[in-house]
Amino acid sequence: MISRRRVVRAGIAGGACLFLPGEMAPAVQVTADGVLDPETIEKYVAELVIPPVMPRDRRDGGTGLDSYTVGVRQFRQQVLPPGRPATTVWGYGSTRHPETFSYPAFTMEAEVGRTTRVKWVNQLLDARGHYLPHLLPVDSTLHWANPPGGVAWRDSSPTFTSTPGPYEGPVPIVTHLHGGRNTEESDGYAEAWYLPDARDLPAGYARTGSFYEVFGRKSAELFGAKWRPGDAVFHYDNRGRASTLWFHDHALGITRLNVYAGLAGFYLLRGGPADVGEGVLPAPAPKRGDRTGMTYYEIPVVIQDRSFKTDGSLFYPASRAFFDGFTGPYVPESDMAPIWNPEFFANAMVTNGRTWPVLSVEPRRYRFRFLNGCNARFLILKIVTAPSAPRPATPALPFWQIGSDGGFLPTPVQREQLLTAPAERADVIVDFTSVPAGTELYLINEGPDTAFRGGVAGTDFPPANAKTTGQVMKFVVKPLTAPDRSTPVSQLVLPPCEPLGAASRTRRLCLNEVNSASVRGAGPRAVLLGVLDSSGKPMPLGWGDPITEDPALGATEVWEIHNLTKDGHPIHIHEVQFQVVDRQRKGQAPRPPEPWERGFKDTVVAYPNAVTRVKVRFDQPGRYMWHCHMLEHEDNEMMRPFRVGMS
């Protein structure tokens, strides 16, 4: 029975954190020869694509196992509006159903307590079985997978006698289920990558990462699932709460490029005691076997920024000079990477694989599962009546957030705008019930076209370009076709969020930027995680430094994240769902988590010059990772391994 429950309201100031306004970083304009001017791209002419559900290989009722074979391939897709050139992208799809390869991927549906087995296959091959080079410029001077180094020097920073151009060899991949709670061999560990099983792999190349063989043997022992050249078999036991998860590539030092090329998709976990009953929330969502033209009231929406060349291809910077004008000297004459950009903010918005799409809605409630899939861009989303209205714009409808990364919140939260960092999810209801048919509304973005440092749009930073990155998609209200039988938000009862309990230890961690040690004033050279010593002095650490985070199995700890940089960072801890404790700026009292952060999360924003505390319980033994989810950052050292129950 649905009973009335208090609804938490977070007003317009709560949508973007007011915690830490700071000096503004300049936005880098995407201007280069052959780059498409985003203002010339037609808006709201293509329908929003609602990702269908990924086909299974089989469903075994006896063992409670759902099996998939999912490949990664290169193909062309109409990302820009019809009439413009198609774009070559990468995407996931069922190898038994070639028509399912898509950017973003078809959605994987899973049930709490029922195991999902996925054979992830690297099929970045041409028709002759030869490897395909990357679509985008790969900086091989970083600490990265480094297949040319062979087994001895894989997963390292290679040595060069002259500044190299982009790497053009076979591409490593490994897929991570973001937000899942799985054993180490199924984590998508950055050093468990593998190349395609190509006919022309160069002699001496490492075919797999340092942990591929270790985890492959463990998978065979635990599940009888043997890994073969070009693939890995992961098991997800789906023990968590019903939630909006997603999967994406995670290969060492190349994640930013593989995800930008298209390797991402939703993984929706349903059922169990932390879900709501059927018919309570807006439905249906896509299902297997749906007929063409089905109407959906639950829709996953991934928002990403991308830039394009005039021929329709993806644009991504091929030189460090694009970021800050630094033209060298580069490696080996200095310690500065020649291609890597510390962040990249593209100039066009892509939603579910299309630039500026339109969605027809009825005057009823809709459930949207929003994912910020951008490499580095923070989004501040609003629904407004005019797409180019002066910023900050007046909202036309609120969002009712009912869930975050780790499932449902304790109670719905009304928000006039949604602040989401890269990798964060917001499960929301938008109520169009009172909106007349024929009305046009717009989802806009008021986040900055540069790194986010906290504050309020229009006061502490200029909002995104209102003509381009400040617009996301359009809603057109059409007549109601069927009664809305979902529960009004004011009457929703959501599953409880049990507290994690007392912590046995507090770890003091830090976020750091480091400049060049050989070129005066050049930087950042890299971004690093680290720890504070007993005197509070930061000790920046790289991926290859000894592990400092080694919680005992079953331990609950507080991770105290000291952000010593000028930018906000979304911090992700693999294979756990944690709870935000508080945030504190120096000299101020701690602030409790925002209302929409009071459920379980796997990614949290660490604001500059502040301490963010999260409480984590470690109930899965193994070797995992924690990192910044600004992908350019994690690809250049802002990622660290940790071990659970292995000390």
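Biologist: Which residues are exposed on the other side of H2?

Modeller: This is a predicted model. In general, an α-helix has 3.6 residues a turn, so residues three or four places apart point the same way. In this structure, Arg217 and Glu221 are the exposed residues on the other side of H2. The buried residues of the helix are Tyr212, Phe215, Gly216 and Ser219. Seen down the axis of H2, these buried residues fall within an arc of 105 degrees, so they line one face of the helix.

Biologist: What do the buried residues of H2 pack against?

Modeller: They pack against strand E8, residues 231-236.

Biologist: How far apart are the end C-alpha atoms of H2, and what should the helix span?

Modeller: Helix H2 covers residues 212-223, and at 1.5 Å a residue its 12 residues should span 16 Å. The end C-alpha atoms are 16 Å apart, which agrees with that expectation. Just after the helix, Gly224 takes a positive phi of about 70 degrees.

Biologist: Now the strand. Which residues of E8 point one way, and which the other?

Modeller: In a regular strand the side chains alternate between the two faces of the sheet. In E8, Asp231, Val233 and His235 point one way, while Ala232, Phe234 and Tyr236 point the other way. Burial is found on both sides: 6 of the 6 residues of E8 are buried, so the strand is largely enclosed by the rest of the structure.

Biologist: In what sense do E6 and E8 pair, parallel or antiparallel?

Modeller: Strands of a sheet pair through backbone hydrogen bonds, either parallel or antiparallel. Here E6 (residues 115-122) and E8 pair in the antiparallel sense, over 6 bridges.

Biologist: What is the order of the open sheet of 5 strands?

Modeller: The order is E15-E23-E22-E17-E20, with mixed pairing. Its edge strands are E15 (358-361) and E20 (418-420), each of which pairs on one side only. Neighbouring strands of this sheet are turned by 20 degrees against each other on average, direction ignored. Within the sheet, E17 (residues 379-384) and E22 (residues 440-445) pair in the antiparallel sense over 4 bridges. The bridge partner of Lys382 in E22 is Ile444.

Biologist: Which strands stand at the edges of the open sheet of 6 strands?

Modeller: That sheet has the order E26-E25-E24-E27-E31-E29, and its pairing is mixed. Strands E26 (538-541) and E29 (579-585) stand at the edges with a single partner strand each, so one side of each is left without a neighbour in the sheet. The twist averages 30 degrees from one strand to the next.

Biologist: How many bridges join E29 to E31?

Modeller: E29 and E31 (residues 610-617) run antiparallel and are joined by 6 bridges. Asp582 has Arg613 as its bridge partner in E31.

Definitions and conventions. Residues numbered from 1 in each chain as written. Predicted model: local features only at pLDDT ≥ 70, side-chain atom pairs only at ≥ 80, totals over all residues. Heavy atoms only, no water. Helix = DSSP H or I, 4+ residues; strand = E, 2+ residues; numbered from the N terminus. Expected span 1.5 Å × (residues − 1). Buried < 20%, exposed > 50% of the residue type's maximum accessible area, 1.4 Å probe, protein only. Arc of directions from axis to C-beta. Contact = heavy atoms within 4.5 Å. Pairing = 2+ DSSP bridges. Axes fitted to C-alpha atoms, helices over the stretch in contact; angles between N-to-C directions.
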